[in-house]
There are 2 protein chains.
Amino acid sequence: MRVQAHHRYEELAHFIATLVDNGTLAVGSRAPSLRQICRQRRISLSTALQAYRLLEDRGVLEARPQSGYYVARGRATALKTPAVSRPPAKPTPVAVAGFHVKLLDYARDPALVPLGCAIPSAGLLAATRLDRCLARAARIKGLDCNVYTDPRGDAGLRREIARRAVHWGQAIGPDGIVVTCGCTEALTLALCAVAHPGDTVAIESPTYFGLLHAMEALGVKALELPTDAATGIDIAALEQALKSRRIAACLFASSFNNPLGSTMPEDKKLAVLDLLARHRVPLIEDDIYGDIYFGAERPRPFMALDRRGNTLYCSSFSKTVAPGYRVGWLVAGSRTPQVLERKHALTLCGPALPQAALADFLASGGYDSHLRRITRIFHHNIARMTHAVEKAFPAGTKVTRPAGGFVLWLELPRAFDSRELFAAALAKGICFAPGDVFSASGRYRHCLRLSCAHPWSARIEQGVETLGALTTQMLERSSGRK
Amino acid sequence: MRVQAHHRYEELAHFIATLVDNGTLAVGSRAPSLRQICRQRRISLSTALQAYRLLEDRGVLEARPQSGYYVARGRATALKTPAVSRPPAKPTPVAVAGFHVKLLDYARDPALVPLGCAIPSAGLLAATRLDRCLARAARIKGLDCNVYTDPRGDAGLRREIARRAVHWGQAIGPDGIVVTCGCTEALTLALCAVAHPGDTVAIESPTYFGLLHAMEALGVKALELPTDAATGIDIAALEQALKSRRIAACLFASSFNNPLGSTMPEDKKLAVLDLLARHRVPLIEDDIYGDIYFGAERPRPFMALDRRGNTLYCSSFSKTVAPGYRVGWLVAGSRTPQVLERKHALTLCGPALPQAALADFLASGGYDSHLRRITRIFHHNIARMTHAVEKAFPAGTKVTRPAGGFVLWLELPRAFDSRELFAAALAKGICFAPGDVFSASGRYRHCLRLSCAHPWSARIEQGVETLGALTTQMLERSSGRK
């Protein structure tokens, strides 16, 4: 948020807004009291009050009677949430590759307002300590690490991953973990282990386009399941699908599905596990957003609830600390030998030093406080983005309420064409993800995804404003045509 | 070579042998003159002469009249070279995965004499300068590199690769290069770009088992071509195969085929290119050993000779400086968009900092002298290994004469079973690669490959002695059974 700093009260408002923007002041936390701030900044009470009222007007702070000022808690938006999706009941071959590649190209263009790919900005992740671990590993472990590692990956890193997983009830030994080139290779290897070309894999709809791209590359067909933006897939639809055709596997998000932000409640996860076990269909889960939860507790992944060893678990460090290190992992249970064979054949093993550095980084502590810091920022960004969408987009726009992660999904009237908006937005230097790339069957052209992975800024706020204005114009034109 | 150092002349012999072993004195180079060595080490001429004669007896040095002593040039061995291979004329589905994984496991076991996998020892590669580049990159480029890179890889690294390729006549722009996870991912992506599951790819026979494993993982059938240990595939057999069935692609080594060490002469390479262009069959070439040439000039790869853009070129830094960094590359010409799409889908992109470090390492010079140093050592190792095989293996053993790389291929009488030897050798703590893993059709069980990728040592020499003795026993037993 940009507050022009001409007056002392504006200076103070800018200062407080920055603390909120960079996550120093978390959403819902108490702002410094007026008395404290007057003493610290040597200003009068009236100046401080003027600043706080300005921030209240801008939705940054909220006053609570008898208690003081608090960082506004993603204030209850008037926008509705999207309806349960209605994808086709038949499997579809996938073809999203071209657009996936384009979106990642745009994500590397600093001239574009970054609402497209869900890639946290490097500045926000502040991985200096990890980089120092890498410099150190290169100095002292260079000789030991200049080998082909165990294809499972660095043993120390696997120990750290296993140690962390205990916190959410996942009992995996270091030898059960295969370190991969990001979550992408984890998902690819998991898919290869359970599905062959031509097979059908059931997925959430909408779902992450990178996952669709991997399925396309492997020649696997997608069966898109109706999915609720809060609680995930429609279990009756899944049961129906399992009865009516051969499904090689299911692939669901553990929590905070990208793009919906949906998370199945634990009893629903248990029911899914039961159902799949009865039909002997393995489940691949993608837990890449699991660590970024806004609630009090990290949702448990399927694997932590699965007593039958029917789950393949995929995750990575790309959303939380190091997209540039390309380190993910896969826990494949009894399918580990197939996974390792495939990994040998396709990439042999990953580079040793970045893994050793990450092991050192995790072992030396501070990762949890890092996670809390970035989660506060993402939560704040989601709140700001929701607010900005409410202001800028036409009435009737529906928006998700994710309880984790850093993406928002918008649903507009059917007449809206997100590809048309995409072209218009790109011309104005703004990138976002149009809805249909999240579907194998080309659904959701009237939807779009906004990434909230960069620190909130006036540039981003203006980007959303422009998107909203363009959308309004497009909808007006289309209703005029009718 | 171990020379017990009881006397002064033995001390000197040990000193000179060490210089030869570690490559300080290259094969064919002049040893210090007797006069020099007397002055340097303050010994008498008779002591020096006694040492040099000992080394002459041991085959380390050779005296040339009127000229002095020289490091023995892999003295003409009496062993014959293997016959042209005779694989089946029909395509075969591949199934080598299990043993490939096992061999790589053994390669990580320091208790085994390392004659199995063709992985240079980290000590020999001495990549300290590269590791320093990585430490530096982590310190100063960490923030810029904590992103998903262009899937092509680091732009600086691609410029350095393109710059080097100019030396051997390969005109590729940096944008035509895709950086990969070692040569393995390069080969995988190249195969995916030109062949589908069920397709047939024509290969040399014997060939690298990792390549067979990749073909197995991709469901591609292998058509093994008769191959000469000096000059590569039988071009008439290739022509016959092209006429009689659909071949999706050919996959040949550019130089120093693993395991034979064969290199097609340039006119043969041109003839292969003509033939493939006529039949519209693309060629994938694997140039991973190209930089390790013993002759005066680096052999030119197919791509440098191909005017029709029909070649996909694969290579890597794994054999020359950094197996642990996992950096290879692929030049795919008009097929680059498919390759990039596939890379996006399967691994997204590689880690940024190791690539930036390698770019810095190449740009800062010294790589060519590094290559000359390690090539001298590999050449020396090949000579020593040939000599050791001649001493230890039964008469009639045939052995290749590679002009580059660091592997030797041995052919024994048909009665010999390299898998039986493998089990016996493993029990004695020695690893090598049995012949049949180099063939999709299980040929070459009477052959074996010895890797010469570690500095020559008494342990390695004794390992070869033991292998030879076991082989002799096995052959005697089998002829006794008849």
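Two residues are in contact here if their C-beta atoms, placed from the backbone, lie within 7 Å.

A quick note on the model: it is predicted, local features need pLDDT of at least 70, side-chain atom pairs count only at pLDDT 80 or more, and totals for chains, interfaces and linings use all residues. Residues are numbered from 1 along each chain as its sequence is written, with chains lettered from A and ligands numbered from 1 in the order in which they are written.

So, how many residues does the contact take from each chain? It takes 52 from chain B and 52 from chain A. Helix 6 of chain B gives the most to the side that touches chain A, with nine residues; helices here are DSSP runs (H or I, at least four residues), numbered from the N terminus.

Now please find helix 6, residues 128-145, in both chains. The two helices pack at an angle of about 170°, with their axes 8 Å apart; axes are lines fitted to C-alpha atoms over the stretch in contact, and angles run from 0 to 180 degrees between N-to-C directions. That makes the pair roughly antiparallel, a term for angles over 145 degrees. Among the residues making this contact are A:Leu134, A:Ala138, B:Leu134 and B:Ala138.

Finally, the symmetry. A rotation of 180° with 0.1 Å of shift along its axis superposes chain B on chain A, RMSD 0.1 Å, by least squares on the C-alpha atoms of residues with pLDDT of at least 70 in both. The two copies are thus related as by a two-fold rotation axis. In chain B, the C-alpha nearest that axis belongs to B:Ala135, 1.8 Å away.

Methods
Angles under 35 degrees count as roughly parallel, over 145 as roughly antiparallel, 65 to 115 as roughly perpendicular and the rest as oblique.
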